[in-house]
Amino acid sequence: MSFTLNEAVIKKLLDVTRQAGDLTMEIYQTDFEIYSKKDESPVTEADRKAEAIITPVLKALAPDVPVVAEEAFSAGDCPDVEGKMFWLVDPVDGTKQFISKKDEFTVNIALIDENRRPIFGVVHAPALDRMFWGSLEYGAFVKEADGEVKPISVRTAPSEGIVAVVSRSHKTPEVDDYLKDFKVADEVSSGSSIKFCQVAEGIADVYPRFGPTMEWDTGAGQAVVLGAGGTVKTPQGDEFLYGKDGFKNGFFIAKGK
Ligand SMILES: Nc1ncnc2c1ncn2[C@@H]1O[C@H](COP(=O)(O)O)[C@@H](OP(=O)(O)O)[C@H]1O
Ligand SMILES: [Mg+2]
């Protein structure tokens, strides 16, 4: 099985991410219903409808590349990805932000290679009208609301104090333990994979995550950080890889320079 990432493919991925984002915005502006998944986490019509836009496009682009998507996975669709390239889709990351009408929620698509590394990711925050994408091969970019596309890169941590981004809803005591060893000038809380993008665009220096996440929460954001010159590693300093048991992540630290 082989599938090649190129600029035409990237354009299609950005287009479908934007379409999914537009649909989430239509729902975001209404008085939408909130449902409970089997694991009791919340979900809305936006998650399901956005995923239904993205998955068929990925299947048409690369019929042999399995799609691991949050809502399909919740419904029991758990593809075998052993030794294969695969897609990770989180149609609405930060569902809690979406529900509480905080604009940070994102639409995410990542491509993972046969070596379990994220080789491309797009993170779109439709309510902020900012789209980030990146890969080690092509670098990382943001498209702003006015249509301007700019390359982005991580910054060198300022010696006068770093900016840390942490989960608004899922911060754990281990995060404070980790940050004790740094001179922290500012700690910013936010929801969704936008935290990776804040590191990637050099407005934050570290995103420590010492709590559970799923692979579709992180694959796209990790690719953006890597494309921007940063790192995402386990707390032990190992590579943060994909295709793990049940697509569950361990702890990780995303960093600039
Ligand atoms: N107990 C748990 N197990 C697995 N993933 C969890 C979890 N608690 C939170 N998450 C993940 O953390 C994500 C939110 O992270 P953050 O706090 O950084 O916004 C959620 O994404 P969704 O909003 O897509 O469900 C969810 O997948
Ligand atoms: Mg998510």
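Modeller: Two strands pair if DSSP finds at least two bridges between them. Helices (H or I, at least four residues) and strands (E, at least two) are DSSP runs, numbered from the N terminus. Take β5 and β6: they form a hairpin with 5 residues between them. Arg 116, in the turn, has a positive phi of about 75°.

Biologist: What makes β5 and β6 a pair?

Modeller: Count the bridges. DSSP must find at least two. β5 and β6 are joined by 6, so they pair, and they run antiparallel. One spot to look at is Asn 108, which stands opposite Val 123 in β6.

Biologist: What kind of model is this, and how are residues and chains labelled?

Modeller: It is a predicted model, in which local features need pLDDT of at least 70, side-chain atom pairs count only at pLDDT 80 or more, and totals for chains, interfaces and linings use all residues. Residues are numbered from 1 along each chain as its sequence is written, while chains are lettered from A and ligands numbered from 1 in the order in which they are written.

Biologist: What is the mean pLDDT of the chain?

Modeller: The mean is 97, and 99% of the residues reach 70 or more. pLDDT is the predictor's confidence in each residue, from 0 to 100. The predictor also gives an ipTM of 0.97 and a pTM of 0.98.

Biologist: What is the strand order of the open sheet?

Modeller: The sheet has 7 strands, in the order β3-β4-β5-β6-β7-β8-β9, and its pairing is mixed.

Biologist: Why are β3 and β9 called edge strands?

Modeller: β3 (67–69) and β9 (149–152) each have a single partner strand, so one side of each has no neighbour in the sheet. Neighbouring strands here are turned by 15° against each other on average, direction ignored. Such angles compare axes, which are lines fitted to C-alpha atoms (for helices over the stretch in contact); angles run from 0 to 180 degrees between N-to-C directions.

Biologist: Which strands does helix α2 lie across?

Modeller: Helix α2 (residues 45–61) lies across β3, β4 (86–93) and β5 (106–112). It runs at about 155° to β4. α7 packs on the sheet as well, touching β3, β4, β5, β6, β7 and β8 (139–143). The direction of α7 makes about 105° with that of β6.

Biologist: Why is Thr 55 called buried?

Modeller: Thr 55 lies in helix α2. A residue is buried if 20 or more other C-beta atoms lie within 10 Å of its own, exposed if 12 or fewer, and partly exposed in between; C-beta atoms are placed from the backbone. Thr 55 has 20 such neighbours, so it counts as buried.

Biologist: What does Thr 55 touch beyond its neighbours within four places in sequence?

Modeller: Thr 55 is in contact with Val 67, Ala 69, Ala 72 and Val 89. Contact needs C-beta atoms, placed from the backbone, within 7 Å.

Biologist: Is Ser 193 buried or exposed?

Modeller: Ser 193 sits in the loop between β11 (184–190) and α6 (194–200). It has 31 other C-beta atoms within 10 Å, so it is buried. Among the residues that Ser 193 touches are Asn 108, Val 123 and Asp 217.

Biologist: How do you know that both faces of β5 are covered?

Modeller: Check each side. Thr 106, Asn 108, Ala 110 and Ile 112 are buried on one; Val 107, Ile 109 and Leu 111 are buried on the other. In total, 7 of the 7 residues of β5 are buried.

Biologist: What makes a set of residues a nonpolar core?

Modeller: They must be buried Ala, Val, Leu, Ile, Met, Phe, Trp, Tyr and Cys residues, joined through C-beta atoms within 7 Å. The largest such core here has 67 residues. Those with the most contacts inside it are Val 68, Trp 87, Val 199, Ala 200 and Val 224. Helix α7 (residues 215–227) gives the largest share, 6 residues. Domain 1 (7–152) and domain 2 (162–255) each give at least three.

Biologist: Where do these domain bounds come from?

Modeller: They come from an automatic or database domain assignment. The centres of domain 1 and domain 2, taken over C-alpha atoms, are 18 Å apart. Their contact takes 39 residues from domain 1 and 27 residues from domain 2. On the domain 1 side, β6 gives the largest share, 7 residues.

Definitions and conventions
Two residues are in contact if their C-beta atoms, placed from the backbone, lie within 7 Å.
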